[in-house]
Amino acid sequence: MGQTTDPIVQMRGIVKRFPGVVANAGIDFDLKAGEVHALLGENGAGKTTLMNILYGLYAPDAGQILLRGREVAISSPRAAITHGLGMVHQHFMLVQPFTVAENMILGQPSNREPLMENRAAVHKRLEALSEKYGLATNPAAPVWTLSVGEQQRVEILKALYRGADVLILDEPTAVLTPQEASDLLQILCRLAEEGKGVVFISHKLGEVLAASDRVTVLRDGKAVGTVPSHETDKQALACMMIGREVVLRVTKGPAHPTEPRLTLNGVRADNDRGLPALRDISLEVRAGEILGIAGVDGNGQRELEEVIAGLRPTTAGTIAIAGQTLVESTPRRAGQSGLAHIPSDRYRMGVLADFSVAENFVLERIGDPPFTRHGWLRWDAIRRDSSESVAAFDVRTPSVETPVGNLSGGNAQKLILARELARNPKVLLAAQPTRGLDVSAIEYVHHKLIEQRDAGMAILLISTELDEITALSDRIAVIYEGEIVAVMDGQQADVNDLGLFMAGQKRQDGKSIVERDRIKRREAE
Amino acid sequence: MTEASPMSVTMADRRRRRRELATTIGSPLLGTFVGLLIGAVLILMAGANPLEVYSAMAAGAFGGKRQITETVLRASPILIIALGLMVAFRARVWNIGAEGQYFIGALAGGAVALLLPDLPLIVLLPAMLIAGAAGGILWALVAGLLKVRRGMSEIITTLMLNYIAVLFVQYMARGPLQETGGYLPQSAQFVDAARLPQLFGTRIHLGVLLAVLFVPIVYVLLWYTPLGFRLRAVGSRSSVARYAGINVNRVILFAMAFSGALAGLAGVVEVSAIHFRVKAEISVGYGFSAILVALLGRMHPVGVLVAALFFAGLTTGAEAMHVVSKLPVALASAIQAVVVLSVLVADALTHGSRD
Amino acid sequence: MDWSLVLNWAFLVALLTSCVRLAMPLLLAVLGEIVTERSGVLNLGLEGVMAMGAVTGFMVAYYAGDAGLGAASPWLGLLAGMIAGMAMGLLMGWLSVTLKADQVICGITLVIFGQGLANYIYRQGFRSLAVNGPGMPSLPIPGLSRIPVLGPVLFDHQPTVYLAVLLTLLVWLLLTHTTWGLKIRAVGENPASADTSGVSVARVRYASLLIGTALAGLGGAVLTVVQLNLFREGIIAGRGWIAIALVIFASWRPWMALGGALFFGLADSVQYRIQALSQVALGARTIPYEFLLMLPYVLTLVALFIRSRSGRSEAPAALGRPYFMHRLQ
């Protein structure tokens, strides 16, 4: 892929401490020009922190950074940009209402200060860059109209526009379909061929092996080792990542589904902008099975989650939980009908960081006995029940009075799990249940989900992690642009097929893509 | 992390609670001290001796039985309003219109007194109090409904309603309710049955007792009822509260109504106990002082009680000192504001803010 | 009612002329707040900032006039008002940008602080209460001011009116055509994005606060130095709050702000004239003046009501939320 030369970036002995945790405990890392170097590790291993230090977002507590052999102090992103570093973050850093061109020139000096640069000149420069690196884009388009893949290309262009020689990408394939991901990895190779140094952070073993020249594995803030990619394999990398033998596939027995517990029929709903987000969704989840919804982020999963949880109104269709059709659903009514919900965003939807573990445990049932009697809160009952569940679900916390904000993400998620299951639900809606969790927490959640399913729970799993979907689901449905385009058996699902469905290239019902577009155009009128 | 049994209150817990207590009491104390310091600078710039001025103020506020009575009487309406505001602020409902709700409450209660003067005290007084609270509730709910139904910021709507309310009461006092044959813009005097009785021969009236009673009531409401729990949850993060099945709109409306009720109650108490008439000058910015008091009191009932006394003391003291040293009474409000600002700073320095 | 008193050119011209003048303090405050809010800072302290601008401007203009500085004194007053406003802006910046305290609480406290301090300063500066300042003479634009009807309405005003319109243009240019404006808008929409592009979020927010409070302070000074020629407690009478509402009504756009301010100026102007008229024309049945005074506040509610809708607002996405550097979630 690239030529090996002297390292363009050297990081030596980087230490970074945050309150309560050492994110980087003396890491050495180097990057050569013309190579693609993967930074591998599980959530919380310190990969993003290390790169944030390189990009000037954090200052290291100890250690040095050398660029092209000279020691530098990178105090801010501005300094990093001047040194030829560019970073594409996991959550895009684009100003949505601005055009692509405006995002390019943000923060860059103009040749006719204080006025902005001539728009045509910027467009031309942008188009030249696009051509050179194969990153197609439309300079005049407002960013919010672009697809996720396109936005990512804009992010990369932004770094190149600023003259980056080193490109850092943080979990770039997290939001892409398998095809888009492989396209991206090709682009990274091309960038390396042009002499750039490319670092990409990932926790996905497959793509790391496929796309990189070297891999550095981080674990618990330390660099465990750096190996050339062609000299290692998934098992070895996983072992380095976790520090012990890892079972890469969850063991589960066959499903024994019985009666349907959650039924959606012809459900339609709009997104926040008033545009259709769910188009005619019909699905059914039975007791004792896990139905996984696969799809690239942004194809209606959030709206699907909200519609089932009673947070978003439907514009057509019906939803029935445990046989009860919900008309004008609210979270309260959905909960009363037997729905439990593990939300996709812990701190925005799930728990109050200010409130204690106990208070969060009873959050949804605060008005019910035994927590309220004769109109008064019974703190003894609250404390007792929450303590029991905290112990049962292995939630690591100093006490139930601790504010949930002090807990780790994994423990907060376990608390949510404990809370939801304590309601003896009939249906469990688990949306992105392992997002941002470390491996042991992920294992725990997966184990619990299988356990519940074996005990007869109906589980709807919405996840953008394809591995999770294929590992856990008995049946898989693919969502694309608000429609279910395929439903298949979990054991027999072919990853390539799934990828095609997720990218909208194929549909199970045989309707051609052209016809779909025609329908959509008619909708827009 | 330690694996101590969750049931026991661990050492880490105790340490954390001690630290929280230190900041909860420490930062307002620090802020007050700094505020008084800055106030001293203002006094110096005016050419007076800060120590003399402050001791005159302290004497004027708490120096004798008469002074203390005056301070307590002044603190009472502020305390009632601030307790209501505290509840609203805990839900992050920024009711800035307490002044207007106070006026409408005074008007409503006063109207009852003027229209039904023949009722016995046992009936008339409670009717007035209820009317006052109801008036405050209604006025606050205008803003509350606009927020919940139309997403209009309650900060601006309650403020606009403030100005409207004060002007309206002025009109009523000058027009329909005006004392027959009188020239001043004020209503007729209330009959004896409409006046809040005084306690034990002092000038402290029943309204003060009411104010003090609300301290434990608000405490119990916030921490021992499910409604209070939901209210605090909405104030912590309304999105999470909504996902947990809490009817956020209903909580917001309750917060507005409750704070409006207490503000209106304070209004009717004042006209019934002090002024005995409906007129334009029934408030010296109580509604706004109450906002500062609620913030200074860290939105906790006991803190609010102490802060209300402190603020009232400052104003009473400033009036007394004005007689002696010719410094304007406006100094008191300047110092009050500086103190609150300093507390804000101290607060932000100790533990920043939340998302 | 004798309508001929109203439906004649003289009345209309007088109405519109005063409409333009009355709109100016409001316009300046709205322009300032637009710049501030576009960068994501919600400055609720406008009422207090204007009060400080008003008192400082008036005092400087008065004492300058006393000291014999003649025609320069009102301008010195206006300058002082701007500086006082900026001082308040610095305080608000420190509280909300550096210390990251809750912006709503900061703003409300700043109002009470500004008002209290302004009253205190006035009492200290003037022993007697009702004092008149030097005022500012009109500056008719030669030629244009002679056009019938439009002339006096548009071209025969104190220079501050022309200045305010010029500032509208400048603010619009700033926001839409300069690199600084791009930074301001980026910081208001997605501060993390601006940060990683090398823009200093704190610096941009401080700058926009200073611009905003300078304009608001100027607005307060225009009120006391040019328009009313006096100062008294509560003289701002809610204009700061109305300005905040107008920012929403104008969808954060400078030219819409001009329109909104003029509309309120018209309402104010009508209110004064109806008072005078109704006393003459209606005889016994006059509209109680309190209801006329209520007009601007009621209008604000109506304007906000019309603008409100359940759904996406056009506000800058990061408005009111402190930016915690490098907290990339």
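These legends walk through a few close-up views of a predicted model. Residues count from 1 along each chain as its sequence is written, and chains are lettered from A and ligands numbered from 1 in the order in which they are written. Because this is a predicted model, local features need pLDDT of at least 70 and side-chain atom pairs count only at pLDDT 80 or more, while totals for chains, interfaces and linings use all residues.

**View 1. Chain A and its domains.** Chain A splits into domain 1 (7-242), domain 2 (255-338 + 425-525) and domain 3 (347-424); such bounds come from an automatic or database domain assignment. Going by C-alpha atoms, the centres of domain 1 and domain 3 of chain A sit 39 Å apart.

**View 2. How chain A is built.** You'll find 18 helices and 22 strands in chain A (DSSP runs numbered from the N terminus: helices are H or I with at least four residues, strands are E with at least two). The radius of gyration of chain A is 25 Å, close to the 24 Å from the globule rule for 525 residues, so chain A is as compact as a globular protein of that length (the radius is taken over C-alpha atoms, and the rule is 2.2 Å times the number of residues to the power 0.38). Buried residues make up 49% of chain A; buried means that 20 or more other C-beta atoms, placed from the backbone, lie within 10 Å of the residue's own.

**View 3. Where chain B meets chain C.** Here 40 residues of chain B are in contact with 38 residues of chain C (contact: C-beta atoms, placed from the backbone, within 7 Å). On the chain B side, helix H13 (330-351) of chain B gives the most, with 14 residues. That side divides into 29 nonpolar, eight polar and three charged residues (nonpolar: Ala, Val, Leu, Ile, Met, Phe, Trp, Tyr, Cys and Pro; charged: Asp, Glu, Lys and Arg; polar: the others, Gly among them).

**View 4. Where chain A meets chain B.** This time, 29 residues of chain A touch 23 residues of chain B. Elements giving two or more residues to the chain A side include helix H10 (331-336) and helix H13 (379-392) of chain A. By class, the chain A side has 15 nonpolar, eight polar and six charged residues.

**View 5. Inside chain B.** Chain B has domain 1 (23-48 + 327-355) and domain 2 (72-326). Their contact takes 13 residues from each of domain 1 and domain 2 of chain B. H13(B) turns up again, giving seven residues, the largest share of the domain 1 side.

Definitions and conventions: Buried ≥ 20, exposed ≤ 12 C-beta atoms within 10 Å, placed from the backbone. Contact = placed C-beta atoms within 7 Å.
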